[in-house]
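Subject: Structure to look through, with notes

Hello,

Please find the structure below, which I am handing over to you together with some notes. Could you read the notes with the structure open beside them?

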Amino acid sequence: MKAHEFIQSALDALKNRAEIRDQPSGERSAAKAAGILREWTGREWFEEDVWRVLIAIKLARESQGKFHADDLIDLAGYAGLLGECLSDD
């Protein structure tokens with residue numbers, strides 16, 4: 001795959017999640033996940049923390065085993081979502 005194909009695939013995945021989750025703004029679950037993690041751990045979690053954890057997981061998965069394009073497609077999407085989150089502040 002070429003670079004633009006990874007990015008396009010990430011865009012397609014983000015649009016698809018919006019349809020699956022039936023949310024006009026798309027699937028934006030990191031803030032809710034941060035709230036759940038706060039309750040579970042008693043530690044302060046923020047939306048951007050969750051996106052960073054998901055990025056770390058994808059980087060860890062990408063570095064193990066055989067190449068799987070989905071790891072990098074998701075990584076591109078999560079990077080975009082982290083950028084959205086940080087730019088909204």
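Predicted model: local features only at pLDDT ≥ 70, side-chain atom pairs only at ≥ 80, totals over all residues.

Residues are numbered from 1 along each chain as its sequence is written, and side-chain values use heavy atoms, with hydrogens and water left out.

I start with a pair of helices (helices being DSSP runs of H or I with at least four residues, and strands runs of E with at least two, numbered from the N terminus). Two packed helices are described by the angle between their axes and the distance between the axes. Helix 2 (residues 30–41) and helix 3 (residues 47–62) have axes that come within 7 Å and cross at roughly 100°, where axes are lines fitted to C-alpha atoms, for helices over the stretch in contact, and angles run from 0 to 180 degrees between N-to-C directions.

The contact (heavy atoms within 4.5 Å) is made by Ala30, Ala31, Ala33, Ala34 and Leu37 of helix 2, together with Glu47, Val50 and Trp51 of helix 3. By class, this contact has seven nonpolar, no polar and one charged residues, where Ala, Val, Leu, Ile, Met, Phe, Trp, Tyr, Cys and Pro count as nonpolar, Asp, Glu, Lys and Arg as charged, and the others, Gly among them, as polar.

Helix 3 itself has 16 residues and reaches 23 Å from its first C-alpha to its last, close to the 22 Å expected at 1.5 Å a residue, the expected span being 1.5 Å times one less than the number of residues. Its buried residues are Glu48, Asp49, Val50, Trp51, Ile55 and Lys58, where buried means under 20% relative accessible area, exposed over 50% and partly exposed in between (1.4 Å probe, protein chains only). These buried residues of helix 3 pack against helix 2 and helix 4.

Leaving out residues up to four places away in sequence, isoleucine 55 touches Leu75, Tyr78, Ala79 and Leu82.

Aspartate 74 lies in helix 4 and is buried because its relative accessible area is 13%; not counting residues up to four places away in sequence, aspartate 74 touches Arg17 and Lys58. Glycine 80, also in helix 4, counts as partly exposed because its relative accessibility is 43%.

Finally, tryptophan 40 lies in helix 2 and is exposed, with a relative accessible area of 70%. Methionine 1 lies in the segment before helix 1 (3–21) and counts as exposed at 54% relative accessibility.

Best wishes
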